[in-house]
Amino acid sequence: QVQLVESGGGLVQAGGSLRLSCAASGSISSIGPVTWHRQAPGKQRELVAAISSGDYTNYADSVKGRFTISRDNAKNTVYLQMNSLKPEDTAVYYCNADLTTLWGIRLLNFWGQGTQVTVSS
């Protein structure tokens, strides 16, 4: 069974850091482009960061200079390093990825279940 699992969320004080992981498991041979999104209560889901297969990155203006997205292809894992966290970063964080299975089947727009990040003031 193919899964995309986020981890690393938690409760942190403002100014602190967290590193989120997005790991593909199951019969996966590779991960393509990956995006991190977040959704705060009562708000729409928003794009936070993106990384291409060739390691090109892009960030929402609200997190530029504070968040860093990276990938470890050997582990089929993408990370989101979040520094200088603010209370307004509080949300459920989701990753979305294009996956390729061991049989060459592409699974597009695959979502994880999310991980909660809470930043206290």
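Good morning. Leaving aside residues up to four places away in sequence, phenylalanine 67 touches Arg38, Val48, Tyr59, Leu80, Gln81, Met82, Asn83, Leu85, Asp89 and Tyr93. Please keep in mind throughout that the model on the screen is a predicted one.

What does phenylalanine 67 belong to? Phe67 is among the residues with the most contacts inside the largest nonpolar core, together with Trp36, Val48, Ile69, Leu80, Met82 and Tyr93. That core has 30 residues. At least two core residues come from each of the strands β3 (18-25), β4 (28-39), β5 (46-51), β7 (67-72), β8 (77-82), β9 (91-101) and β11 (115-120). Which strand gives the most to the core? The answer is β9, with five residues.

Let me now turn to the whole chain. How many helices and how many strands does the protein have? There are zero helices and eleven strands. Read from the N terminus, the order of elements is therefore simply β-β-β-β-β-β-β-β-β-β-β. As for overall dimensions, the radius of gyration is 14 Å, close to the 14 Å that the globule rule gives for 121 residues, so the protein is as compact as a globular protein of that length. Along the principal axes, the C-alpha atoms fill a box of roughly 50 × 25 × 25 Å.

Next, the contacts and the surface. Among contacts in the protein with a separation of 6 or more, 57% are between residues 24 or more positions apart. Of the 121 residues, 43% count as buried. The accessible surface comes to about 6400 Å², and carbon and sulfur atoms account for 49% of it. The side chains include 10 positive and 8 negative ones, and the centres of these two sets lie 1 Å apart.

Serine 29 and alanine 74 are 45 residues apart in sequence, while their C-alpha atoms are 9.6 Å apart in space.

Aspartate 72 lies in strand β7. With a relative accessible area of 23%, aspartate 72 is also partly exposed. Residues up to four places away in sequence aside, aspartate 72 touches Thr77 and Tyr79. From aspartate 72 to leucine 18 there are 54 residues in sequence and 18 Å in space, C-alpha to C-alpha.

Aspartate 55 has a phi near 70 degrees, a positive value in a residue other than glycine. Where is aspartate 55 placed? Its place is in the loop between β5 and β6 (57-59). Aspartate 55 is partly exposed, with a relative accessible area of 47%. Serine 84 likewise has a positive phi, of about 50 degrees, although it is not a glycine. Serine 84 lies in the loop between β8 and β9, and its relative accessible area of 40% makes serine 84 partly exposed.

To close, I return to the core: it has 30 residues, and Phe67 is one of those with the most contacts inside it. Thank you for your attention.

Conventions
Residues numbered from 1 in each chain as written. Predicted model: local features only at pLDDT ≥ 70, side-chain atom pairs only at ≥ 80, totals over all residues. Heavy atoms only, no water. Helix = DSSP H or I, 4+ residues; strand = E, 2+ residues; numbered from the N terminus. Rg over C-alpha atoms; globule rule 2.2 N^0.38 Å. Buried < 20%, exposed > 50% of the residue type's maximum accessible area, 1.4 Å probe, protein only. Contact = heavy atoms within 4.5 Å. Areas by Shrake-Rupley, 256 points an atom, 1.4 Å probe, with all protein chains shown as cover. Lys, Arg positive; Asp, Glu negative; His and termini not counted. Charge placed at Lys NZ, Arg CZ, Asp CG, Glu CD. Core = buried A, V, L, I, M, F, W, Y, C linked by side-chain atoms within 4.5 Å.
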